[in-house]
Amino acid sequence: MATFRYRSEKPASRPVAAGVCAWLLAGVCGSTQAAGWNEPGWAGAALAAPGTTSLIEVQQGTDLSRRVRGLRGQGFESAGGEQVAFSAWYESNWTDMRVTWMTPLSASTGFIWGLGTGEHGRKYSIAPSLKIGFIHQARIDRRTLLTLRATTTLGGRLREKTCTADYGDIGGVQTVNCRLAASTLEPAETLRYLFNAKSSERHQLSVSLNHAF
């Protein structure tokens with residue numbers, strides 16, 4: 001079992017994260033308008049006048065944030081009977097926030113763009129991200145509208161940091177995956193399971209057909 005030597009790493013402070021959030025919501029374009037934050041909002045924004053930027057989505061918490069959050073109530077018992085909780089390693093005072101806007105290029109096509117703040121804890125980090133994409137609408141007839149939307153997110157990778165553990169006379173001091181330090185795996189083997197992942201939501205494609213009866 002492992003006795004850990006912690007590194008002095010500080011998570012991002014709340015004032016810094018709050019400042020980034022305020023900047024995102026302030027509207028970096030001079031003529032920003034709020035649109036609906038659901039599917040009709042995307043469609044309505046695409047039909048706005050070219051040059052009018054619309055806020056179309058605000059999301060706090062991603063699939064990567066949820067993966068880390070699921071660890072916070074877990075832990076293990078060391079060889080000396082000490083309870084080692086994961087909460088200190090995977091807590092953060094800010095959750096990754098993503099804000100998305102849409103700028104019409106014509107009456108039927110719009111450019112989608114957005115930013116993500118990222119997230120940091122003692123033993124992990126989610127990098128800031130940039131979203132880009134487009135939305136296009138084609139009117140099939142007077143009452144039928146076809147909408148195609150595609151986006152991709154750059155950055156936003158989840159990475160996990162290591163711990164230093166003392167395995168006594170047999171194993172000595174080794175670098176190990178914090179979560180798996182008390183597992184049956186060899187310390188070096190646990191490093192293969194460190195988080196180094198992209199969001200499963202980074203590529204999105206949707207096609208919708210709306211018909212007014």
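Are Arg98 and Asp96 buried or exposed? Both residues are buried. The points below concern a predicted model.

1. Arg98 and Asp96. The two side chains meet in a salt bridge, with 3.5 Å from N to O. As stated above, Arg98 is buried, and so is Asp96.

2. Salt bridges overall. Searching the whole structure gives six salt bridges. One of them joins Arg66 to Glu201, where the closest N and O atoms are 3.1 Å apart. Arg66 belongs to helix α3 (residues 63-69), while Glu201 sits in the loop between β15 (196-197) and β16 (203-211), so this pair ties together parts that are 135 residues apart in sequence. Arg66 is partly exposed, at a relative accessible area of 42%. Glu201 is also partly exposed, with 24% relative accessibility.

3. Arg72 and Glu119. A salt bridge connects these side chains at 3.5 Å, N to O. Arg72 is in the loop between α3 and β4 (75-77) and Glu119 is in strand β8 (residues 119-121), so the contact ties together parts that are 47 residues apart in sequence. Arg72 and Glu119 are buried.

4. The sheet that contains β8. Four strands make up an open sheet in the order β8-β9-β12-β15, with antiparallel pairing. Its edge strands are β8 and β15, each of which pairs on one side only. β8 pairs with strand β9 (residues 124-126) in the antiparallel sense over three bridges. Glu119, the salt-bridge partner of Arg72, stands opposite Ile126 in β9.

5. Aromatic pairs. The count comes to six aromatic pairs. In the case of Trp89 and Tyr90, the ring centres are 6.4 Å apart and the planes are at 80°, so the pair is edge-to-face. Trp89 and Tyr90 are buried. Trp101 and Trp113, by contrast, form a stacked pair, with 4.7 Å centre to centre and 20° between the planes. This pair links distant parts of the chain: Trp101 lies in strand β6 (residues 97-104) and Trp113 in strand β7 (residues 109-116), 12 residues apart. Trp101 and Trp113 are both buried.

6. Charge over a ring. Arg179 lies over the face of Phe195, and its distance from the ring centre is 4.3 Å.

Technical notes: Residues are numbered from 1 along each chain as its sequence is written. This is a predicted model: local features need pLDDT of at least 70, side-chain atom pairs count only at pLDDT 80 or more; totals for chains, interfaces and linings use all residues. Side-chain values use heavy atoms; hydrogens and water are left out. A salt bridge is a side-chain nitrogen of Lys or Arg within 4 Å of a carboxyl oxygen of Asp or Glu. Helices (H or I, at least four residues) and strands (E, at least two) are DSSP runs, numbered from the N terminus. Buried means under 20% relative accessible area, exposed over 50%, partly exposed in between (1.4 Å probe, protein chains only). Two strands pair if DSSP finds at least two bridges between them. Rings of Phe, Tyr and Trp (its six-membered ring) pair if their centres lie within 6.5 Å; planes under 30 degrees apart count as stacked, over 60 as edge-to-face and the rest as tilted. A charge sits over a ring if NZ of Lys or CZ of Arg is within 6 Å of the ring centre and within 35 degrees of the ring normal.
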